[in-house]
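Let's take a walk through this protein together, one stop at a time. Keep the sequence and the 3D view side by side as you read.

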Amino acid sequence: MTRLADLAELVRAPAALSVPGDVLSGAAAAGVLGRRTPALAGASVLLYWAGMAANDWADRRLDAVERPERPIPSGRIHPAAALGVAAGLTAAGLAVAGAAGGRRATAVAVPLAATIWGYDLLAKNTAAGPAVMAACRGLDVLLGASVGSSHGRGGREASRAARGLVRALPAALTVAAHTWTVTALSRREVSGADRRLPRATLAGTALVAATALGRPDPVPVALAAGYAGRYGAAQARVLADPSPARVRAAVGAGITGLPALQGALTARAGNRLLGLAVAAAAPLGRRLARLISPT
């Protein structure tokens, strides 16, 4: 029988702490934070876990060589069970998104799910991989912005919803750019990296942190600085020693440090307390990452 701990490892459960902040920052940027936002954040987590399970199913033969300790190659989870988990979580995520946000949320959640599966099954090992994963996170931010007027009718409501998505686009692009750096590094977790890669991702991280600042405000400034300091330091260590272990540590720092960036974006939109709450997931994620690897 599959153990709950094995399933948690399959979907990299602690890494999901980096997910609700996408939806919250998107909703804050669009000005549509409300009672449906938590449900959309839940849908986002379900889709994220689905992508992790699908990733391990797609990589099961490669992991048998490079990561034999993972749940599928170690025999703790059957490949068919992993695929079933991925499909079930995808269906659940789409259902929750539709129930919470109606047609407009579904119109974002369906492309998001398709992009997640497209990355796992087709794009991951191609040059387009980092860009496709970045698109996943960008769409996740827009999912939070999609809830406004989702059950309304008429051109005025549609126009308001479209404006909300446009307002959330800068936040979506910022999170997408961060995701590109993490994904680009993750492709070198086993082999190690050429020093040109951490140079590029470090420059990208500095740009991402700068774009998260917005108008001068101590809360987003502090959160963006904390994000850049921790994730940037991990990448600087890769630059000094581009070994697989250092690369994996930098990828982990990028995953667990994302809530600080999301918090900065949320605070930048005028929701300081919520931004601080979002950022609080970062230290918790780092603690849980010691138990279950987020990479």
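The largest nonpolar core has 70 residues, and among them Leu40, Leu143, Tyr227 and Leu261 touch the most other members. Who contributes to this core? At least two residues come from each of helix 2 (20–30), helix 3 (37–58), helix 5 (79–123), helix 6 (129–145), helix 7 (155–186), helix 8, helix 9 and helix 10 (244–268). Bear in mind as you explore that this is a predicted model.

Now zoom in on leucine 261. Setting aside its neighbours within four places in sequence, leucine 261 is in contact with Thr174, His178, Val208, Ala212 and Tyr227.

A pair of aromatic rings is described by the distance of the centres and the angle of the planes. How many aromatic pairs does the structure hold? There is 1 aromatic pair. In it, the ring centres of tyrosine 227 and tyrosine 231 are 6.0 Å apart and the planes meet at 45°, so the pair is tilted. About one helical turn separates tyrosine 227 and tyrosine 231, because they are 4 residues apart in helix 9. Are these two tyrosines buried or exposed? Both tyrosine 227 and tyrosine 231 are buried.

The whole structure contains 11 salt bridges. One of the partners to follow is glutamate 9, whose side chain meets that of arginine 70 in a salt bridge (3.8 Å, N to O). Glutamate 9 belongs to helix 1 (residues 4–10), while arginine 70 sits in the loop between helix 4 (60–66) and helix 5, so this pair ties together parts that are 61 residues apart in sequence. Arginine 70 has 4% relative accessibility and therefore counts as buried.

Glutamate 9 also forms a salt bridge with arginine 76 (2.9 Å, N to O). Arginine 76 is in the loop between helix 4 and helix 5, so its pairing with glutamate 9 in helix 1 joins parts that are 67 residues apart in sequence. Arginine 76 is partly exposed, with a relative accessible area of 27%. Zooming out, Arg3, Asp6, Glu9, Arg12, Asp56, Arg70 and Arg76 are linked in a network of salt bridges.

Another salt bridge connects aspartate 22 with arginine 137, with the closest N and O atoms 2.6 Å apart. Aspartate 22 lies in helix 2 and arginine 137 in helix 6, so the pair ties together parts that are 115 residues apart in sequence. Both aspartate 22 and arginine 137 are buried.

Arginine 36 has its place in the loop between helix 2 and helix 3, and is partly exposed, with a relative accessible area of 22%. The side chain of arginine 36 reaches the backbone oxygen of alanine 100 at 3.3 Å. The C-alpha atoms of arginine 36 and glycine 101 are separated by 6.9 Å, although these residues are 65 residues apart along the chain. Finally, arginine 60 places its charged end over the ring of tryptophan 57, 4.4 Å from the ring's centre.

Key
Residues are numbered from 1 along each chain as its sequence is written. This is a predicted model: local features need pLDDT of at least 70, side-chain atom pairs count only at pLDDT 80 or more; totals for chains, interfaces and linings use all residues. Side-chain values use heavy atoms; hydrogens and water are left out. Rings of Phe, Tyr and Trp (its six-membered ring) pair if their centres lie within 6.5 Å; planes under 30 degrees apart count as stacked, over 60 as edge-to-face and the rest as tilted. Buried means under 20% relative accessible area, exposed over 50%, partly exposed in between (1.4 Å probe, protein chains only). A charge sits over a ring if NZ of Lys or CZ of Arg is within 6 Å of the ring centre and within 35 degrees of the ring normal. A nonpolar core is a set of buried Ala, Val, Leu, Ile, Met, Phe, Trp, Tyr and Cys residues joined through side-chain atoms within 4.5 Å. Contact means heavy atoms within 4.5 Å. A salt bridge is a side-chain nitrogen of Lys or Arg within 4 Å of a carboxyl oxygen of Asp or Glu. A polar contact is a pair of N or O atoms within 3.5 Å; within protein, one must be able to donate a hydrogen and the other to accept it, and residues adjacent in sequence count only if both atoms are side-chain atoms.
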